[in-house]
Amino acid sequence: MKVTSKQLRKSWLSFYEGKNHTDIGAVSLIGDGATGVMFNVAGMQPLMPYLLGRSHPQGKRLCNIQGCVRTVDIEEVGDASHFTFFEMMGNWSLGDYFKKEKTAWTFELLTKVFGLDKDKLCSTVFAGNDSAPRDEETARLLIDLGIKPEHIFYLNDNWWELEGTTDTPCGPDNEWFYPLNASAASPVFPDDYVEIGNDVYMQYKKTATGYIPLENKNVDTGFGFDRMLLFLNCLDDGYKTDLFAPVISALEKASGKAYDNGGEDRKAMRIVADHTRTAVMLIGDEQGVLPSNTGAGYVLRRLMRRAIRYCRQIGLNGEALLSCAKIFIEDIYGEAYPLLIKNEKYILDEIKKEADRFEATLAQGIKEFDKCVTSLQRKNEFMSKSNPDYVKETVIGGKQAFRLYDTYGFPLELTEELAREHNLTVDRAGFDEAFKEHREKSRVLEAGQFKGGLESHSQTATYYHTATHLLLAALKQVCSPDICQKGSNINEERLRFDFNFSRKLTDEEVARVEELVNGQIKLDIPVVMREMTLEEAKNLGFTGVFDSKYGEVVKTYSIGEFSREICGGPHAEHTGLLGTFRIAKQENVSAGVKRIKAVLIR
């Protein structure tokens, strides 16, 4: 390899530090809310207040390499160039230098530092429109530097702004291109060229009604780190740079598959590598995201579960994510992101927890999905035989998709992805309706039940009853030994448990509670019932609710040393019958009382 990622990182920062720029380092991947986006998707995004005029504490000339997360085109990941995590090499002028200096420095960096041939460089500039004039100034500066006039192209697209926002800086941009095959005798623009970077000249402020000039003109430069590394090494596959190659090699060794054989195996390795890298970066971020069912946590969960599914495609399980994560932390990004090294155990532990959660349900969920497909195929075959004009159905029903979500923890997007692989679609509207019906049914049931207890005495309900004992014991360990039951409602679909606590559980606490409960389930511990006097039960450490309702002799249920409660039953005979415990939702009941809804996935 001609250029390593560590060399490229150092070259960029050293060059601009030599031009009196301050390396401001990277900030959190998580958006601060100022621009209305979940993740930072551009290197300039965290600098928005300063580009609009606020004074930056580290000066007017800044540079860094900023991590970004982009998941809007997640379905494209698996090809040679799409990534969900990527880095942007950036530098900025906040009301200091402008076009003359910036064009010269970018030209110097590309030709003197990176060794590109000036005669093969191409550039595009803004063609002008009703909002702003043609950017003749930049074109003239480029020609003065030595760019051939015939290599400068005026395009209407050379205008940069952050989509979907207002009160943000914007302006014409100058994009730099170079032939992918630099040895070609006469490369053809744009067919043989790739964009290698972009200089934005922020002269305007975007408002709700149009564009107005900025008081101070700014420069925003963005060069894709992954893309530049790919380009400088004359590669056409982003997964062959040293940012991914060690991980791909580990996947090859573990799976016995060859990446260069192409096909679905190569696609799977790319997805596993990309999604694991993003998971490491999000969990190890200074704001530490964890898998959950909302917000950034949901995106992380979706990425991790997609990675686990593709692990299975090459004969591996979710444990493969751990070995990949260790390589990313220790060998590839630890030097640039020291927080990853500091939090390595935490990151790996959280990845393992999510992998274990999903592995427990994935195999059965895929079987259920395959049943949906088989049923649809059989129906189409039968109807086609009896009716030559029959139009085959190609849609998985919304209720079926909701069942996969509700019972097996499949995100709707995963079901849609599986469906696409069979040339099918999913009835999203039907899914939303099924979800709404389920929520309404639960609301009605709860409204007609704050007396607590079992709605039925079916076998499934008894399993949920036993799970409430495990849940209470886990809450005492994780949150507070003073926690006690304030109410419960159990049916065949879920348990609802109310308890005294001042706040909702954090994602970390939820994960720990689930881990403790599932640990007791995996141990398959007998649930032992003994009758004794109330006084004896209390002396032995059994706890209960509503002491005044107890008789002289009470039933006690113990689950090893983990849980000891006074209870009327009924219960499962042993914990291994319960399945996988998952906290589905948290709610406020009243001041000081919280509610957990949980499900058992069997």
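Is Glu 354 buried or exposed? Select Glu 354: with a relative accessible area of 0%, this residue is buried (under 20% relative accessible area; exposed is over 50%, partly exposed in between, with a 1.4 Å probe and protein chains only).

Before moving on, note that this is a predicted model, where local features need pLDDT of at least 70, side-chain atom pairs count only at pLDDT 80 or more, and totals for chains, interfaces and linings use all residues. Residues are numbered from 1 along each chain as its sequence is written, and side-chain values use heavy atoms, leaving out hydrogens and water.

Glu 354 sits in helix 11 and Arg 301 in helix 8 (residues 295-313), so the pair ties together parts 53 residues apart in sequence (helices are DSSP runs of H or I, at least four residues; strands are E, at least two; both are numbered from the N terminus). Arg 301 counts as buried, at 8% relative accessibility.

Together with Arg 301 and Glu 354, they are linked in a network of salt bridges.

Next, pick Lys 19 and Glu 108. They form a salt bridge, with the closest N and O atoms 3.0 Å apart. Lys 19 is in the loop between helix 1 (5-17) and strand 1 (22-23), and Glu 108 is in helix 3 (residues 99-113). Lys 19 counts as buried at 18%; Glu 108 is partly exposed at 29%.

Conventions:
A salt bridge is a side-chain nitrogen of Lys or Arg within 4 Å of a carboxyl oxygen of Asp or Glu.
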